[in-house]
Amino acid sequence: MSEIKVDRVVDARGSHCPGPLMELIKTIRNAKIGEVIAVYSTDSGSKTDIPRWVEKAGHQLIGVYEREGYTEFIVKKVK
Amino acid sequence: MKRILVVGGGTGGTIVANVLARKLSRKEAEIIVVNDSSKHIYQPAFIYTALGYNLKERDIAREEKELLNKNVKLIIDNAVGIDVENRYVALERTGKLDYDYLVIATGSRIVPEEVPGYQIAYHFYSLEEARRLSKVLEEFTGGVIAVGIGGIPYKCPPAPAEFCCLLDYYFTRKKMRDKVEIHYLSPLPRTFPHEAVAEAITEMMEKKNIYWHPMFNIESVDPEKKIVYSLEGESLKFDLLVMVPPHRGAKVVEESGLGVDSGWIPVDKHTLQYKEYSEVYVIGDATNLPVSKSGAAAHFEAKVVGKRIYADITGQKSKLVYDGRVVCFCDAGFRKAIYMDFNYENPPKKPRFSYLWYLGKKMVNKLYWSLILGGTI
């Protein structure tokens, strides 16, 4: 993890509405191509819906990491 | 005497001013609300206006002055600059106003022009546009109605799904439901961000024959061909497009360099304070918090901020923090609604559609003008 340079952190822990994926989409729309975004989520649904959306939207899921009490998703905007 | 300056007279700004005015005497504090209009608009009325409900003028808008405690001074002016370093707010006509405490409650603004081809779409995010949509729906003879989202974040995340359900009710009452295809373009893989709620909404949509398209974030519209395109690479042909416009933070926030991305102000998710400026609070849509942009969030945040400022002025140390609470009623038509109540720690449970929650929603619409804005509940 330490080698990946994160440009933006989206702390969506505790977000049920609009939720972590909406926070990610918002951030990706504002990010530049090549930027790396870390999303922190406590929502169990994120484990399926963030990878699904990232794949469909054509971005890159660099990694998913279990942290203490939350999950961290690392996503790169590629287009 | 301390001066508390509240910029923005929407739900959050009005409540925080009223909470403080009830607790503090005129000798203890001067409370000023700055708003760009003399009117206070009840935005949840827009969706009903679009659907042709005959609402009374007083259910949609009232004079802000009559909603504020008599100890609050109201200034109708445009805030054109916020300088947190030098502790003042610049107003277009009134000049500079300094403060001891500042509450930024400047809300959000819609920017439909950020979506190419937007001119063919309709929405219900302003009173004028809701009335325009109402006329189009009245004259609609049949075809595909697509309801989608042009940008995230936007006010009231369930509103587009709620609108689809109410369209079903609207055309059923007009006895032409069989002539209308309703399509909900969901930005997510589900019909609602939270799984338990999404389950209930999906069941309801399927029962109502509402088609829903997962992961369809609107990127552009071809107004001639009447096709809407998603950033995920899909498209849909429509006869009528209802699109939630993209939102941004207030101009004064963007121009003062306080916002990030589209002008949302980063604040502590519990104390609602802005960076190291402990005398500056931000509430409602203006924040960058991961909670819904809604009157309900603004309401609970305003009560926390009011109590924190009061404690500070009276020499107490307030430990009160915002817990992320949001409550939400969602009308499904046919006099049924759902209710959700959640916070950072406790997600919503799978809701039940019931007449009781429909009555609850109607009651909130009434209580808004008195007990909610007054800061009593």
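**Close-up 1. The salt bridge between A:Asp49 and B:Arg190.** In this predicted model, A:Asp49 pairs with B:Arg190 in a salt bridge whose closest N and O atoms lie 2.5 Å apart, the term standing for a side-chain nitrogen of Lys or Arg within 4 Å of a carboxyl oxygen of Asp or Glu. Across the interface of chain B and chain A, the rule finds 3 salt bridges.

**Close-up 2. The interface of chain B and chain A.** Here 37 residues of chain B are in contact (heavy atoms within 4.5 Å) with 26 residues of chain A. By class, the side of chain B that touches chain A has 20 nonpolar, 9 polar and 8 charged residues, where Ala, Val, Leu, Ile, Met, Phe, Trp, Tyr, Cys and Pro count as nonpolar, Asp, Glu, Lys and Arg as charged, and the others, Gly among them, as polar.

Close-up 3. A:Thr71 belongs to strand β4 (residues 70-76) of chain A, strands being DSSP runs of E with at least two residues, numbered from the N terminus. With a relative accessible area of 6%, A:Thr71 is buried, a term that means under 20% relative accessible area with a 1.4 Å probe, protein chains only. Leaving aside residues up to four places away in sequence, A:Thr71 touches several residues, among them A:Val39, A:Tyr40, A:Lys47 and A:Glu66.

**Notes.** Residues are numbered from 1 along each chain as its sequence is written, and chains are lettered from A in the order in which they are written. Local features need pLDDT of at least 70, side-chain atom pairs count only at pLDDT 80 or more, and totals for chains, interfaces and linings use all residues, while side-chain values use heavy atoms, with hydrogens and water left out.

Technical notes: Helix = DSSP H or I, 4+ residues; strand = E, 2+ residues; numbered from the N terminus. Buried < 20%, exposed > 50% of the residue type's maximum accessible area, 1.4 Å probe, protein only.
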